[in-house]
Amino acid sequence: MTARDAAQELIELGPWRTLYRIGRETRQRSGLAARPRAYPSHPAPARDWLGELPFGDAREVARAVTPRLDASQRDGLLETADDALRGRILCFGRWRADYGAPLDWYLNPLTGARWPADAHWSRALVPAPGRDDVKLAWEPARFPQALHLARAAAVDEARAPRLFAGFTGMVRAFLDASPFPRGIHWASSQECAIRLVAWLFATRAFADLGLRDEAHERAITAYARVCGHHLLDEIGYARHAVYNNHLISEALGLCVTAWLCPDDPAAASWRALGLRLLSDESRAQVFEDGAYINQSHNYHRTVVQELLFASRWHRSALGADEPASWREALERSLTFLYAHQNPLDGRLPNFGPNDGSMPRPLSQCDFSDFRPTLQALSLHLHGERLYPPGPWDEEAAWSLGAASLDAPVTSRARPSVSFAATGYHVLRGEDPSSFACFRCGSVRERFGQLDLLHVDLWWRGQNVLVDGGTWLYSGPEVWHAHFLRTGSHNTVTVDGRDQMLHYRRFKFLYWAEAALLRFIDRGACSLVVGEHRGYARHPGGVIHRRSVLRVGDDLWIIADALVGEGRHDARLHWLCGEFETELVDGALALRTPAGALGLRVYDGDGSAVEIDVARGVESPPRGWLSRYFGERVPVTSAAVASARAALPWTRVTVVSASAPEVGVNGEAWTVHTPEAVARFRLRDGAITLEETS
């Protein structure tokens, strides 16, 4: 850390956020945050709020959805619910962890270490050996199991009484173990809001099945009252420090607590602030072209779920359509996310931070399948389904009612598209399951990863060149840095540096500028050319320029150049999907379920360049993929490194279904395969098309 870096942090924070952070740190460290607060106590309102919750009737949902589940999906849901009653919770939509029976709400199940249960929330997140990532203890306290229990009860009503008893018992146990203001579960107001909505969903679903408990409902209302006051007191942190999905969730929490506790003297202020923030943040966080502020598809889906619930709640509880800004943000999101989707399995590139967040897991689809949320979103916005009947319909049925599934399926095109405002570009051919996604846009906020000019490549529905993901937020810094930083992404590093400075665990400085130089779509081929200046602040003023050319569905050409002054170390990196690979005659062969695919790298004269491969290396980390939070698997990392190379430095990567013939005459290139031919000119990494077929 240098004085220049510290000054840069203040510049990027801005004066107001700097003052806020100083004030918050002072308040936390001085103990002022731990001063007792006397929140007013009022009896729960007599009105029955269950009927105003915007969820589909449980029995109707079950009748509509159960035929769309195969036997393994139905049995899997029932097993997940039974496991939850035994303290084995499905975490992050992927893997089960044993939290004990009764649940230990402060346990890290991977290490056995516990967070302090009696510390004031402002002092509870003190790190210690074995605690690692607090999200591992927060996950069961978000109550995804409440949704699993309620959904299982709807599918098999004979189990409903036992599952209802388990759910209400868990809520009582949590409230007993986490009284305000003690423990880690009050340290993030977002967690409070997500937990509350999960309880409301399950309580309503069980009520549809004829199962109610007045004491349980009063306890929820009492909890909501405390949440409302706590959210209002602490929402400044989300507004000025983590102004992303945290702020959306907390604003929604203010609206819901005000609705549940209308008799509270502060309820009107909760609702007014919550509604205003949701409108403001819908405009601010979902950018004008539909990309999300976190530069993460997973976080984008999280916010879509929150805004979709907010919209349905607004109609049901307030009797009016949602504000235009909410709807417009959802419309932009639908267009953006659908454009990046693999049509065969519903997945999107693993771009940006992926912490396994899903506020409402409402289907038996894989966590990485976006079809459930996008189906519900399309039905809400247009009354049309994007996909034919399937297990992905369950989220829409719960969110909008079972009758929504009677809507027609409307075909929606997936063309090549450039979201130029934020720098996301998608190249597709005739086969929509073969496409490339290219990250080239100036950094507009501090959230995201150091991944400029990263290319994610899908071929016949297989994610062949991938983004490595996240794994964990905490734990050993070397692993967090590996997944976050430039070297693990499909791009070029210069002199061993990152494109920006990784300054703190969740912050980078010197936000890089990028430019789209060319975007062309001719049907038979498409091309995108861009560059970034993240390395330009260092000696040599290096600019990285990249072109991505698609020809047909089976030929991809990625040209990279470093331009500037002097000699530099350069490293081109490609991370492969979960396939067997081998080096054959200088080419990397990928054995995918859709067939064999080859990756070859050439220098500026068209000569083949040696590829170095590694897989699952622990120290230093190399060759790892994390599609799910807390899980990593070894995959092939392919790299081409050049020591002290004179600029301009050029490398051309060819990915093709058949071995290519490459011819170079000065700037003129020809790449020929049995499936396609590409003729182009290449100057300093910028491709100019001449002829393709």
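This is a predicted model: local features need pLDDT of at least 70, side-chain atom pairs count only at pLDDT 80 or more; totals for chains, interfaces and linings use all residues.
Local features need pLDDT of at least 70, side-chain atom pairs count only at pLDDT 80 or more, and totals for chains, interfaces and linings use all residues. Residues are numbered from 1 along each chain as its sequence is written, and side-chain values use heavy atoms, with hydrogens and water left out.

**Exercise 1.** Work out how α6 and α7 pack against each other.

*Step 1.* Grab the helices (DSSP runs of H or I, at least four residues, numbered from the N terminus; strands are runs of E, at least two). You want α6 at 160-177 and α7 at 189-208.

*Step 2.* Get the axes, meaning lines fitted to C-alpha atoms over the stretch in contact, with angles from 0 to 180 degrees between N-to-C directions. They come within 11 Å and cross at roughly 150 degrees.

*Step 3.* Angles over 145 degrees count as roughly antiparallel, and α6 and α7 are therefore roughly antiparallel to each other.

*Step 4.* List the contact (heavy atoms within 4.5 Å). α6 brings A160, L163, F164, F167, V171, F174 and L175, while α7 brings R195, W199, A202, T203 and F206.

**Exercise 2.** Find the strand order of the open five-strand sheet and its edges.

*Step 1.* Pair up strands: DSSP has to find at least two bridges between them. β4 (424-428) and β5 (435-439) run antiparallel and share five bridges, with R428 opposite F435 of β5.

*Step 2.* Chain the pairs together and you read β3-β4-β5-β6-β7, with antiparallel pairing.

*Step 3.* The edges are β3 (417-419) and β7 (462-465), since each pairs on one side only.

How values were computed: Angles under 35 degrees count as roughly parallel, over 145 as roughly antiparallel, 65 to 115 as roughly perpendicular and the rest as oblique.
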